[in-house]
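Below are some brief comments on the model under review.

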Amino acid sequence: MDGLTQPGTETPLAALQRVFGYPAFRGQQQQIVEHVVAGGDAIVLMPTGGGKSLCYQLPALLRPGLGIVVSPLIALMKDQVDALRQAGVGAAALNSGLPPGESGAIERAARNGELDLLYLSPERLAMAHCLDLLRRCRLALFAIDEAHCISQWGHDFRRDYQGLGVLKEQFPATPLIALTATADAPTRRDIAVRLHLEEARLFAAGYDRPNLFYRVVEKRSAREDLLRFLRAEHPCDAGIVYCLTRRAVEETASWLSARGREALPYHAGLPPETRALHQERFLHEEGVIVVATVAFGMGINKPNVRFVAHLDAPKNLEAYYQETGRAGRDGLPADAWMAYGMADVMNLRRLTEAADIGEQQRRIERQKSEALIGFCETVGCRRQALLGYFGERRDEPCGNCDNCRDPGAESWDGTVAAQKALSAVYRTGQRFGAHHLVDVLTGNATDRVRQLAHDKLSTFGIGGELDARGWMSVIRQLLAQGHLAPDPEGHGGLMLAPSARKVLRGECELRFRRETPRERGRSRKSGGKAAAGIVLDPAAEALWQKLRAWRLDEAKRQELPPYVIFHDATLVEVARRRPGSLAALGDIPGIGRSKLDRYGAALLAVLRDAG
Ligand code: ADP
Ligand code: ZN
């Protein structure tokens, strides 16, 4: 034992405070910890940032013996082990990334009872040698992190995970806890069956990420809008920007770099060394933005990603939830920002009409993209829409999304406007794109309009009640509501869908979302200098920057990511409270005994120097 652990003598709460420095449990953590400490098996479904790690780390400390954690990615293991060591816990990892010779020493330490937690990759665990080793250790528990990887239904299926059923077979008396952030019913059943956890207690915390602020802005000049958003709300924060194509990734990264942001591209077409370097810089430096395709994100558990921005709409709500979920793991406010426009609807529609999928698959894909479009177009609470999609009903709007915060989001009766737009599509022959249609509706006699004699049509100039942007929005929403469809050749032209007939005949009333200029330069908070939503007075803000600089130095010295030293939330609290003594410092959440010993004096010195 490392001297810090005293199995059997400490309550879970006391251990939480001593080792991790947190004053209280969150959500169901306490029940889970108590259940596992008592020897029970558990399946834990908790959203990202919900605090899953403590659910097995604490029981491993509180039960005699070694806790075995199975984790899919070497980078994740390394982060966890580093963070545990900082907290004074005896932790190590066995995986293929180890320098030769080191695994022998770790195995010895495990056998001799010198470790509290041992992280293993699933392929390592499958080796006979490794199971032998486990048989010779006293085991406190097994934890299977990212347990959805076991299921073919899940989005990260891993063959290696399928062998993990052997654990319950060979070690029936050792408690086993399976954890994941994403598990629909079929995946959940798979986890239970394959790990032999049919009798295990289920702890399901739901999908909500209360600290994420959801916002969808009308796409016009998306990059400019993004830059404005970053300048106003995240001038020095780290974040992820998702784009649809590799080209857009590269262009956006250099465009942002030219405007003073540290922005690095990441996509599957870049050499592995470049990708690794960019990921490394994202984790180890402060304020780096990664501009990426969906290739980026799995296994990124940097807790202080303050925003995830989508320059293009993701392909469905599962992807959106997954991608935005990478923001704000530390529980501090974070932003999910999306630019959404006509091109996105066209893309989504085209994807589902692609020829190479079967009819049933097509129907599923169509429902999924409909749900995403619905989420983007809604004037109601975004969180209600998102959680509703995952089957979670909420009676009250959330108060923490753009539509809830801004009463400007409202709908209007667009029946007549819709009829005008649809007739313009019809009269021009159902083959022109939105821009041309807008020219016709607003009476803009461009060369093209005149060449085609569209200025002679009865629909030319009938749309004086709206400006070009207003008509663009009407056409997008007609497409979103399915009254218009992209032409099958994919030239960007629009055709009437079958339901357009009813609209033209006045048989149904249409409502549209009113686009208000609220997104322009609008900031959801007054200050804007601190990390998202954290409002600090100027003195505390200056201090927080000094503490951050100190942390970065310290992290570099130890070759660790800054968040392994201290989380933002902890340093922000130090800046707010300005504790004058070690005792006062120790009261701050996130400063346990080991970190107080290690860094207490240095933190007090930073506070003193700041005056
Ligand atoms: P998950 O694995 O569920 O995404 P983590 O275990 O990484 O979440 O925890 C997310 C963040 O919340 C971490 O920064 C962790 O230190 C913090 N945290 C977890 N439990 C508590 C708690 N009881 N009090 C304060 N912070 C907590
Ligand atoms: Zn809301």
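A residue counts as buried under 20% relative accessible area and as exposed over 50%, with partly exposed in between. The structure is a predicted model.

1. Histidine 196. The backbone deserves a look here: phi of histidine 196 is near 60 degrees, a positive value in a residue other than glycine.

2. Glutamate 559. Another positive phi, about 55 degrees, occurs at glutamate 559, which is not a glycine either. This glutamate 559 sits in the loop between α23 (538-558) and α24 (562-565). Glutamate 559 has 64% relative accessibility, so it counts as exposed.

3. Zinc donors. Four cysteine SG atoms coordinate the zinc ion (ligand 2), those of Cys381, Cys398, Cys401 and Cys404, at 2.3 to 2.4 Å. Along the chain, the donors have the spacing C-x16-C-x2-C-x2-C. Within this set, cysteine 381 and cysteine 401 link distant parts of the chain, 20 residues apart. Cysteine 381 belongs to the loop between α15 (359-377) and α16 (382-389), while cysteine 401 belongs to the loop between α16 and α17 (402-405). Cysteine 381 and cysteine 401 are both buried.

4. Why does the arrangement around the zinc ion (ligand 2) count as tetrahedral? Four donors qualify if all angles lie between 85 and 135 degrees. The angles subtended by the four donor atoms here are 101 to 119 degrees, so the arrangement is tetrahedral.

Note on methods
Residues are numbered from 1 along each chain as its sequence is written. Chains are lettered from A and ligands numbered from 1 in the order in which they are written. This is a predicted model: local features need pLDDT of at least 70, side-chain atom pairs count only at pLDDT 80 or more; totals for chains, interfaces and linings use all residues. Side-chain values use heavy atoms; hydrogens and water are left out. Donors are N, O and S atoms within 2.8 Å of the metal (3.2 Å for Na, K and Ca); water is not among the atoms, so sites may look incomplete. Four donors count as tetrahedral if all angles lie between 85 and 135 degrees; four count as square planar and six as octahedral if opposite donors are over 155 degrees apart and all others between 65 and 115; anything else is irregular. Helices (H or I, at least four residues) and strands (E, at least two) are DSSP runs, numbered from the N terminus. Buried means under 20% relative accessible area, exposed over 50%, partly exposed in between (1.4 Å probe, protein chains only).
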